[in-house]
Amino acid sequence: MPELPEVENVRQGLEKLVKNKKILNIKSSYPRMVLTGFEELKKELEGREIKDIKRRGKYLLFDFGQWTLISHLRMEGKYRVEPLGFESQKHDHIFVEFSDAVLVYADVRKFGTWELLDSEKVEQYFTSKKIGPEPRNEDFDEALFSKKLHQSQKKIKPYLLDQTLVAGLGNIYVDEVLWRSQVHPETVSSELSAKQIHLIHDKTIEVLQTAVERGGSSIRTYKNAMGKEGSMQELLMVYGKQGEICPRCRKAEIEKIKVAGRGSHFCPYCQKIK
DNA sequence: AAAAGTGTTCTCCT
DNA sequence: GAGGAGAACACTTT
């Protein structure tokens with residue numbers, strides 16, 4: 001899926017394309033992806049207007065006032081807007097029809113989900129999932145981050161990926177953050193120095209913010225809701241760079257190993273455990 | 001043709 | 001309870 005920067009760019013595209021539009025009809029060829037039930041979603045949202053499109057971590061929130069549709073793109077979910085009467089494609093799963101256009105949700109791997117919630121229960125939804133703060137200075141408290149890391153024996157990479165310390169990092173940006181912080185992905189969290197913790201905190205904010213501004217990374221199939229690619233891939237230093245010389249030390253090649261089941265890229269010279 | 005892929009969640013084991 | 005490994009979800013690409 002898109003990580004936070006890609007989801008944010010999709011959100012910005014949707015805001016331009018479908019905000020304030022009234023839904024006339026919703027159809028689906030894969031209704032199972034609506035975890036709260038497709039028929040209820042159809043019944044409640046037809047006739048309603050999309051009042052706003054928000055984001056929390058990697059989740060997109062379609063605000064209908066009383067109702068909120070929570071959409072997670074997982075690995076391959078995509079949105080695009082088509083004219084009425086367009087020819088649907090193989091992996092198109094949901095069609096939201098307006099008077100002058102159709103919002104299409106497509107997802108090759110069918111991992112993405114939709115959930116329709118009472119808007120008053122949205123906060124509780126994220127609380128129950130223990131979703132961490134947004135990666136911004138105002139929200140992401142370094143003292144609390146540090147405290148949690150000191151108390152944990154988890155390896156730093158999978159801990160950063162589980163969304164509870166901070167929301168929005170995925171497999172690409174977590175490798176970039178750890179490289180920029182000079183921290184090995186398998187470092188046990190409680191062993192991190194104060195300096196390393198400070199760097200991880202700041203680089204998380206910096207990398208995700210830069211990636212948002214650059215329109216995300218189009219390294220596999222990502223495009224935003226307007227079909228436009230991002231350019232953050234040009235600034236990636238380790239992801240997908242295995243075998244290339246580390247651009248910082250120029251003394252070692254970027255290695256790729258498995259950490260908690262995920263492909264992980266790092267410089268063995270710059271990022272040592274202890 | 002096996003393996004890996006921008007994610008999350010669950011089970012089973014230590 | 002904590003943490004890790006592996007699998008599941010479904011499909012494409014290398």
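**Close-up 1. R262, a partly exposed residue in strand 10.** In this predicted model, R262 has 15 C-beta neighbours inside 10 Å, so it counts as partly exposed. The cut-off for buried is 20 or more, and exposed means 12 or fewer. You'll find R262 in strand 10, which covers residues 262-266. An unreviewed UniProt entry lists R262 under "active site", along with P2, E3 and K58.

**Close-up 2. P2, a buried residue in the segment before helix 1.** Here's another residue from that UniProt list. Is P2 buried or exposed? It's buried, because P2 has 27 C-beta neighbours inside 10 Å. Helix 1 spans 4-18, and P2 sits in the segment before it.

**Close-up 3. The largest nonpolar core, with 58 residues.** Which residues have the most contacts inside this core? They are Y79, L103, L169, Y173, V174, V177 and C267. Domain 1 (4-128) and domain 2 (142-266) both give residues to the core, so it lies between them. As a bit of background, nonpolar side chains in soluble globular proteins tend to be buried together.

**Close-up 4. Y173 and its contacts.** Now zoom in on one of the core residues with the most contacts, Y173. Skip its neighbours within four places in sequence, and Y173 is in contact with E3, V207, L208 and A211. E3 is also on the "active site" list in the unreviewed UniProt entry.

Technical notes
Residues numbered from 1 in each chain as written. Chains lettered and ligands numbered in written order. Predicted model: local features only at pLDDT ≥ 70, side-chain atom pairs only at ≥ 80, totals over all residues. UniProt positions renumbered as here; feature names shortened; annotations may be inferred. Helix = DSSP H or I, 4+ residues; strand = E, 2+ residues; numbered from the N terminus. Core = buried A, V, L, I, M, F, W, Y, C linked by C-beta atoms within 7 Å. Domains from an automatic or database assignment. Contact = placed C-beta atoms within 7 Å.
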